[in-house]
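Hi everyone, thanks for coming. Let me put the model up on the screen, and then we'll walk through a few spots together.

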Amino acid sequence: MSTHSTNKTTISLADLAERFGMTLHGDPSVQIEGVATLAAAGPAELGFITNSKYLAQLATTRAGVVILREHDLATCPTAALVAADPYLAYAKVAALFEQAAMPPPGIHPTAVIANGAHVAVGASIGPYCVIESGAVIEDGAVLGPHCIVGPGCVVGAQSRLVARVTLVLRVVLGRRVLIHPGAVLGADGFGLAFDGNQWVKLPQLGGVRVGDDSEIGANTTIDRGALEDTVLEEDVRLDNQIQIGHNVKIGAHTAMAGCSAVAGSAKIGRYCMIGAAAGVLGHLEIADRVTVLAWSLVSSSVTEAGEYSSSMPLMESHKWRRNAVRFKHLDEYVRRLTALEKNGEDS
Amino acid sequence: MSTHSTNKTTISLADLAERFGMTLHGDPSVQIEGVATLAAAGPAELGFITNSKYLAQLATTRAGVVILREHDLATCPTAALVAADPYLAYAKVAALFEQAAMPPPGIHPTAVIANGAHVAVGASIGPYCVIESGAVIEDGAVLGPHCIVGPGCVVGAQSRLVARVTLVLRVVLGRRVLIHPGAVLGADGFGLAFDGNQWVKLPQLGGVRVGDDSEIGANTTIDRGALEDTVLEEDVRLDNQIQIGHNVKIGAHTAMAGCSAVAGSAKIGRYCMIGAAAGVLGHLEIADRVTVLAWSLVSSSVTEAGEYSSSMPLMESHKWRRNAVRFKHLDEYVRRLTALEKNGEDS
Amino acid sequence: MSTHSTNKTTISLADLAERFGMTLHGDPSVQIEGVATLAAAGPAELGFITNSKYLAQLATTRAGVVILREHDLATCPTAALVAADPYLAYAKVAALFEQAAMPPPGIHPTAVIANGAHVAVGASIGPYCVIESGAVIEDGAVLGPHCIVGPGCVVGAQSRLVARVTLVLRVVLGRRVLIHPGAVLGADGFGLAFDGNQWVKLPQLGGVRVGDDSEIGANTTIDRGALEDTVLEEDVRLDNQIQIGHNVKIGAHTAMAGCSAVAGSAKIGRYCMIGAAAGVLGHLEIADRVTVLAWSLVSSSVTEAGEYSSSMPLMESHKWRRNAVRFKHLDEYVRRLTALEKNGEDS
């Protein structure tokens with residue numbers, strides 16, 4: 001089904017306009033019961049348009065109302081709610097229709113709670129959770145099935161571990177943190193010293209701190225620190241399968257897309273956007289408001305806000321092969337170019 | 001042990017030839033009890049050769065029979081089964097000897113099945129599985145230990161979740177789908193809007209649909225859609241640690257190797273091959289029968305079938321450094337080249 | 001807290017010097033109770049310095065003692081322990097202060113142990129573990145909560161599966177192997193043959209062998225072999241989210257940083273260092289003592305020890321775009337350069 005509605009929530013266009021600060025063009029009494037794509041929406045659903053490539057779908061939509069920019073109003077065949085940022089407005093409206101029911105407070109009988117663990121009365125602990133001695137679960141926290149919370153870990157108020165989340169050791173989550181299945185926080189940082197014959201492991205004696213309102217994606221891993229903590233400030237948003245090495249620090253409101261990775265002791269500023277599968281080497285610093293495009297590598301500090309990339313363009317493989325072979329001798333070609341220029345000057 | 005045999009399965013060369021459409025050269029009564037590499041095989045084992053670099057091992061093999069191309073028959077010291085595609089023939093033969101015993105139907109006493117869940121009588125539910133209200137497990141489905149099946153999820157007939165698979169919300173698996181441990185399907189797509197100060201999360205109201213006979217590797221993640229579903233057609237094969245963003249569509253018979261990643265709303269055609277750690281950016285379309293080589297990035301739509309790459313060649317690091325430094329000024333060098341050519345024309 | 005101490009361990013500077021082969025400069029009777037960073041350490045804590053960029057922090061440290069090189073002794077305001085390799089010495093000293101308490105031998109009442117499984121009396125099995133028939137857990141092994149050990153798997157003496165580790169089938173761990181949460185060993189290798197219409201799966205009949213003292217990071221996946229085993233020799237160190245394909249062989253003392261990946265049948269030598277997110281294609285061989293820098297791709301065999309790279313430099317995106325566009329025609333530019341040189345010679 002591509003329409004999403006619930007018996008529970010119905011709201012009029014008038015109320016939508018007022019509540020979310022939009023300007024209504026249309027019948028204020030029309031009732032909206034859900035959200036949908038422009039193509040699939042019916043008269044009781046709301047759609048939105050933020051990208052001009054969907055204008056064709058706007059022209060034929062049967063939606064009850066569409067959130068859009070002033071610029072697109074003239075071409076809208078339905079009622080409209082004008083917003084400066086339709087995508088943001090849609091995000092807020094759609095939240096009304098989300099059906100996610102939170103489980104009631106209480107501890108499932110199969111949860112194993114150690115004697116030294118503290119679980120607030122208002123927390124919800126799902127089936128097969130294991131909470132170890134010294135762990136603290138605060139009020140309103142929700143742990144889905146199969147979560148593991150190790151010693152010295154704190155799950156802050158209203159935080160939610162969807163299912164199968166592992167907090168290994170000394171992981172402190174702030175309030176309203178959301179963590180998706182398979183994530184592992186607080187595993188050993190990768191600290192090794194070679195003694196000439198074999199590796200010697202450095203104990204990882206720090207922890208992990210995650211700020212309020214942060215979100216950690218499925219199967220993402222965040223290692224605990226060697227001495228100090230690995231730190232995410234507030235409202236940090238990590239997608240799936242991200243790797244955060246020990247003692248990394250990530251500034252508030254930074255978002256990282258799937259499969260990106262940050263090596264140990266790197267420091268990322270605030271309001272940064274790190275693209276999918278991008279990489280950040282260790283022991284460097286990225287300033288605030290830096291955007292790193294997908295599949296790019298940050299190998300030294302970035303001191304200026306702006307947009308950066310290092311990914312290479314795709315080509316048919318026979319053509320790519322010829323160019324790749326040439327790349328191996330690029331320095332030589334430049335020297336030959338310089339020599340030619342010199343000869344040109346001399347003659 | 002590098003030979004694999006079981007007391008259960010024995011088959012004659014005559015039967016192998018007939019059953020799998022191969023031409024026998026050798027004693028039809030010889031019994032085969034297992035498969036092995038050419039180097040390790042004994043007289044009751046079957047080997048195969050598909051790559052000429054193994055001809056030395058063919059010459060000295062003690063295998064009871066070898067599957068090979070007509071081209072290699074003359075050099076084979078053992079009985080032979082000639083096939084046009086020895087690798088494919090081997091795949092079918094080896095399946096006879098796999099010992100994987102499926103558990104009997106029934107629900108392990110430790111499984112937690114919500115009242116609103118439906119589990120077919122012929123399904124098998126392993127220890128510590130959690131099946132939530134509104135989930136459906138169809139006949140012949142097998143869930144190994146520690147699986148979690150969330151609301152609105154369907155596990156189609158004969159599908160198998162090996163162990164520790166998480167289906168979060170609105171994940172619908174077709175028939176005979178195979179999912180390996182640690183995979184997470186149906187977690188929230190990475191939808192965020194920035195309101196000037198902080199991130200606002202877009203509810204992800206869609207689901208995931210996986211077609212018949214598809215296979216999903218260990219620790220692979222497939223997010224559910226924002227409105228429409230994220231869709232894998234039939235016989236899609238995903239290796240380990242792959243990330244599939246929300247609203248991606250993957251065409252039938254496409255295979256993706258480990259660590260590849262597809263960003264939201266990308267559409268991949270049928271019969272595509274996506275190499276290890278390759279990437280596909282969002283909101284683009286890849287035609288049918290496109291091969292993307294390992295470690296390459298698709299950053300715009302690919303409209304023609306064929307093979308594509310963008311990976312860079314490895315070099316000793318001092319040489320690489322010189323070439324990488326030159327790359328940063330490539331545009332300037334080309335302009336200097338053009339200027340030289342012009343000067344050449346003018347003089 | 002950035003200092004780490006325990007009531008249990010106190011050691012004098014004299015004992016530290018003697019036990020770890022360092023030369024003491026200072027009062028031998030001073031007691032050390034923990035380790036800390038130079039910035040945070042107090043008079044009963046030990047710090048270390050190995051990187052000259054921290055000299056400022058050495059000058060102002062309040063640590064009871066600092067491990068350092070002879071070269072830095074003069075600038076040290078505290079007692080000092082001189083070592084040739086301060087990082088290695090610190091690793092050994094810090095291990096004294098690690099508080100990780102191992103659970104006592106015994107099987108948690110919630111563990112599901114199949115009849116055909118063998119668990120040594122001295123092993124420790126945590127809550128919700130599932131040990132299947134034919135699995136063997138040796139003496140002193142420790143399985144944290146939620147581990148799954150499948151048929152034919154062996155957990156060697158003193159090995160530790162921290163929590164939520166999956167050993168699928170025929171995984172044999174040596175002694176003192178350490179595996180972090182979410183790791184999956186022994187899942188199916190990615191073996192597929194195409195029959196013209198659809199994929200046919202090759203049964204993966206091999207296993208995984210992991211040598212003594214190896215370490216496997218969180219959410220790392222190691223597939224079992226098609227016929228022979230996938231093999232890690234002793235003291236192999238894998239970080240998080242690494243993917244090891246079927247029939248890979250990794251030599252002793254090789255370390256791989258997070259998110260790296262090795263395709264099937266590749267062979268990596270001993271004492272190699274594979275950087276973060278580096279890749280190794282299949283069916284090739286890397287010699288001993290090869291270092292592959294982060295985000296680089298090994299696409300053909302490497303026969304000489306040394307350091308190799310293929311990653312590209314980061315640039316502001318408008319500059320990057322110009323250079324990337326030029327790269328697509330690099331072969332043509334080189335031909336034009338060569339033509340110019342020829343013209344120069346001719347004239």
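In helix α3 of chain A, the buried residues are A:Pro86, A:Leu88, A:Ala89, A:Tyr90, A:Ala91, A:Val93 and A:Ala94. Buried here means under 20% relative accessible area, with exposed over 50% and partly exposed in between, using a 1.4 Å probe and protein chains only. That makes seven of the nine residues in this helix, which spans 86-94. Helices are DSSP runs of H or I with at least four residues, strands are runs of E with at least two, and both are numbered from the N terminus.

A word on the source: this is a predicted model, where local features need pLDDT of at least 70, side-chain atom pairs count only at pLDDT 80 or more, and totals for chains, interfaces and linings use all residues. Residues are numbered from 1 along each chain as its sequence is written, chains are lettered from A and ligands numbered from 1 in the order in which they are written, and side-chain values use heavy atoms, leaving out hydrogens and water.

So what covers α3(A)? The cover includes α1, β5, β6 and β7 of chain A, together with β23 and β24 of chain B; contact means heavy atoms within 4.5 Å.

Next, A:His246. An unreviewed UniProt entry annotates this residue as "active site", though such annotations may be inferred rather than shown by experiment. A:His246 sits in the loop between β30 and β31 of chain A and is buried, at 17% relative accessible area. Among the residues that A:His246 touches are A:Asp223, A:Arg224 and A:Ser265.

Notes:
Lists of a residue's contacts leave out its neighbours within four places in sequence.
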